[in-house]
Amino acid sequence: MNSRGRGPLERDTCRELVVPALKTSGWNSKQIRSEYPISQVPDITGGEVTLLPRRRVDYVLEVAPGQPVAVVEAKRSFRSARDGLQQAIEYARRLDVPLAIATNGAEIVIHDRTSGTERVSGAFPTPAEAWWTYCTFAGLDQSAAELLLQPLNRRKTSTDGTVIEPRFYQTRAINAVLGAIARGETRILLLMATGTGKTFTAMQIVAKLLSYQERVAPQVNYRVLYLADRDGLLKQPMNKDFGPALGHELLQRVTVRADQSREIYFASYQALHGQKDGAELLHQFPTNFFDLVIVDECHRGSASENSLWRGSLDYFSSAIQLGLTATPRSDTVHSYEYFGDPVFTYSLREGIEDGYLAPYRIRRVNLSADADGWTPDPGELDRYGREIPAGTYTTRDFERTLSLVPRSRAMAHHLSGILRQNPAHKAMVFCVDVAHADAVRSALVAENPDLLREDPRWVVRIVGVENEKEALLEDFCDTPSPVVATTSRLLSTGTDVPDLRYVVLFRPVGSMIEFKQIIGRGTRLFPEAGKTSFEIIDYVGASEHFRDPGFDGYPAGIRVETIDGGGTVIDASTAEDDDEEDPTLGEPTPDFTPGDPDPADPFPGDDTDEHDHGSERIRYVVDNAVVTVVGEATMVMDRSTGEPRMVEVRHVVEGTLSDFGSPVDLAAMWADPAHRQEILTALAVRNIDLSPMTILAEETGTDLLDILLSMAFRTPVRTRAERARRAREAHALDIEAQSTAGRAVLEGLLKRYEEYGINDVTMQALQLRPISDAGSVTELADNMGGPDALRKAVDEIPRWLYGA
């Protein structure tokens with residue numbers, strides 16, 4: 001007997017029987033694809049990273065390469081064929097084919113998704129039967145069927161020379177678009193997440209259309225226009241997909257004149273609407289010149305009635321128009337209204353789950369200036385001697401109305417600590433505007449002179465006004481240097497940097513579309529360089545978008561950090577989801593709500609205009625300010641595993657403090673040393689490490705109670721000086737009624753509290769300055785009416801402080 005308890009004659013012979021049975025039904029070897037991958041996972045062995053299939057269909061039946069029509073799930077011969085039926089149906093759904101077949105080598109069960117019926121059969125369907133079923137399922141007539149059966153382009157190869165085959169979802173997308181074209185649809189939308197290969201998919205669509213045209217009408221050229229809103233979005237499709245696959249001789253870049261001798265044209269709408277001899281270049285083409293117009297990143301304005309995009313599309317209205325996008329919906333651009341619902345959708349979440357996109361971690365770094373706002377002193381002047389208008393400035397104001405230089409310095413110091421762990425790992429830093437991108441670059445230069453000595457281009461600014469932007473962008477995408485790029489909006493769409501490890505958010509992002517595009521910059525896998533994930537570093541609370549149901553991705557982990565005013569990390573942790581609560585990324589930045597338009601930005605759009613927007617509005621520059629960063633985390637025990645894991649401490653603090661009542665109740669208890677210890681003990685029992693918060697309170701002049709209350713109840717954080725001031729104002733008559741010695745004790749204890757905290761409001765503090773200057777403890781008691789009166793005065797101070 002073997003290890004499974006079966007004899008030699010009971011071995012699994014199913015797979016040995018499937019292929020001969022398929023061939024008996026008319027399938028040849030090329031039409032039977034075994035172990036067909038529909039997902040993959042990174043595998044790291046021996047220091048090398050490879051992608052291994054995670055889920056495979058036992059057999060996929062293709063009537064032509066890239067045209068699947070059925071799946072076969074093969075179970076062991078000792079099991080029932082029906083044991084594999086549900087799995088086969090799921091695979092058929094993923095591949096969008098009508099026939100789900102399960103077999104154990106002896107019995108064949110066929111589920112037909114077209115009719116919703118199942119039957120037991122003595123043989124597999126023939127290729128002709130399967131193809132007829134597929135055409136019925138997809139609603140294809142004979143000409144449409146012939147279009148789908150055109151060969152895939154196989155000229156694009158990887159670096160090792162192997163042919164790049166479409167992934168399963170790209171095959172679905174190709175067939176969905178071609179099916180829509182065959183049915184006579186002229187406005188088609190294809191929704192695929194950034195990094196899933198929209199351009200490669202579009203190239204294969206064009207290749208099949210060209211092949212079909214050559215077959216049915218070889219005397220007529222099939223002309224295609226690939227339209228984008230930036231020159232930078234045209235180079236990569238031309239050079240990396242269409243050129244290598246179809247031949248550069250077929251391509252034409254439309255710049256200053258219309259050459260009508262080619263088949264595939266690439267143009268920006270700015271070029272088409274540019275003036276040539278007093279007329280738009282667009283009009284050098286007949287309106288019916290193009291058969292297909294591919295609109296890349298169509299969410300960026302193609303549906304706006306007044307845009308140049310819409311002018312281009314209206315001019316070529318007779319052409320089939322295919323919109324490509326990762327994020328089609330927004331409040332201002334309605335791609336669905338123009339193109340209709342997507343014929344195929346492949347989301348960011350699906351791409352990550354299937355292993356075709358890189359998962360990501362989130363590191364939330366909470367700057368105090370953003371969390372609490374910054375308020376100038378009355379009459380305070382900025383760097384240029386201008387009086388700063390009164391008020392509290394928050395995230396929406398920074399780098400638009402007011403530039404808080406220490407905020408950028410602290411951010412640059414903190415970010416440098418991360419980047420220096422591997423200075424070759426690439427990063428994009430998204431800033432408010434051109435001027436801010438320059439300031440952040442300068443701050444990073446100041447933090448990393450040694451790296452700049454080795455590589456003067458280690459950090460660069462890539463924005464629209466940069467004279468060298470094209471060369472810098474090309475090098476940033478394709479070469480080891482530059483490593484870090486600061487930008488505003490220029491890099492948020494269409495820029496392919498496969499080895500991007502860090503996406504850094506240093507400006508609010510109100511638009512979900514733009515947020516998805518920014519996050520998408522890092523989603524490409526690059527296993528040959530060891531990139532199987534990336535990190536989002538958020539300094540402004542923009543990652544609050546992850547809470548939005550409209551975001552279809554999810555983080556692999558969330559890192560929360562506490563750093564001091566200089567940007568040094570003093571505490572860090574990773575927050576992970578569990579079965580009882582969703583991962584929390586922190587509270588929204590005050591006065592800013594994701595989903596709103598980018599706040600206070602009078603210059604919407606990208607940063608490609610040939611001027612510096614920052615110079616056209618007054619921006620106050622503050623060099624001297626105290627900027628700290630607030631964000632605490634702790635380790636708790638996982639009840640399910642018994643092992644420690646990191647979570648955001650706010651949840652634990654909130655649950656613990658709520659047991660003691662309201663913020664007012666807690667403040668009253670905090671005034672009593674015994675009750676205060678009771679609260680601290682309750683937190684310690686929950687494994688909450690208070691040392692980072694205590695350090696933060698000491699460095700920022702705040703009260704530990706206020707930090708805890710802010711975390712649990714979202715109350716504003718007061719400084720100790722503010723609490724002392726309120727106590728003096730509320731009890732001015734009580735202080736005035738005291739003797740000289742009594743006033744010295746009360747005022748001295750308030751000053752000790754301001755400088756050192758509540759633990760210094762004790763009888764022992766009476767022996768320290770400034771109180772000791774008024775006399776010894778005995779002398780003070782004598783002058784105040786006795787020891788009881790002195791102790792009563794000391795006990796009053798905490799009640800004043802926490803009742804004020």
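## The nonpolar cores

Which residues have the most contacts inside the largest nonpolar core? They are Val71, Phe242 and Leu246, and this core has 86 residues. A nonpolar core here is a set of buried Ala, Val, Leu, Ile, Met, Phe, Trp, Tyr and Cys residues joined through side-chain atoms within 4.5 Å. Buried stands for under 20% relative accessible area, exposed for over 50%, and partly exposed for values in between, with a 1.4 Å probe and protein chains only. Another core, of 61 residues, lies apart from it, and includes Ile362, Met428, Leu444 and Leu491.

Let us look at Phe242. Not counting residues up to four places away in sequence, Phe242 touches Thr199, Ala202, Met203, Val206, Tyr226, Pro237, Gly247, Leu251, Ile264 and Phe266. Contact means heavy atoms within 4.5 Å.

## About the model and the chain

This is a predicted model, in which local features need pLDDT of at least 70 and side-chain atom pairs count only at pLDDT 80 or more, while totals for chains, interfaces and linings use all residues. Residues are numbered from 1 along each chain as its sequence is written, and side-chain values use heavy atoms, leaving out hydrogens and water.

The protein chain has 804 residues, and 54% of them are buried. Its secondary structure comes to 27 helices and 27 strands; these are DSSP runs numbered from the N terminus, with helices (H or I) of at least four residues and strands (E) of at least two. Among contacts in the chain with a separation of 6 or more, 70% join residues 24 or more positions apart.

## Two helix pairs

Helix H13 (residues 405–419) packs with helix H14 (residues 434–447) at an angle of about 55 degrees, their axes 9 Å apart. Axes are lines fitted to C-alpha atoms, for helices over the stretch in contact, and angles between N-to-C directions run from 0 to 180 degrees. H13 is therefore oblique to H14; angles under 35 degrees count as roughly parallel, over 145 as roughly antiparallel, 65 to 115 as roughly perpendicular and the rest as oblique. On the H13 side, the contact is made by Ser408, Arg409, Met411, Ala412, His413, Leu415 and Ser416, and on the H14 side by His436, Val440, Ala443, Leu444 and Glu447. By class, this contact of H13 with H14 has six nonpolar, four polar and two charged residues. Ala, Val, Leu, Ile, Met, Phe, Trp, Tyr, Cys and Pro count as nonpolar, Asp, Glu, Lys and Arg as charged, and the others, Gly among them, as polar.

Next come helix H23 (residues 720–730) and helix H27 (residues 787–803), whose axes come within 8 Å and cross at roughly 105 degrees. That makes H23 roughly perpendicular to H27. Here Arg723, Ala724 and Ala727 in H23 meet Trp800, Leu801 and Tyr802 in H27. The residues of this contact divide into five nonpolar, no polar and one charged.

## A covered helix

Helix H17 (residues 512–520) is mostly covered, with nine of its nine residues buried. The buried residues of H17 pack against strand S18 (426–430), strand S21 (500–505) and strand S22 (534–538).

Arg94 is in helix H2 (residues 85–95). Arg94 counts as buried because its relative accessibility is 10%. Leaving aside neighbours within four places in sequence, Arg94 is in contact with Ile38, Arg55, Phe168, Arg172 and Asp354.

Asn783 belongs to helix H26 (residues 777–784). Asn783 and Gln738 are 45 residues apart in sequence and 10.0 Å apart in space, C-alpha to C-alpha. Beyond its neighbours within four places in sequence, Asn783 is in contact with Ser739 and Ala741.
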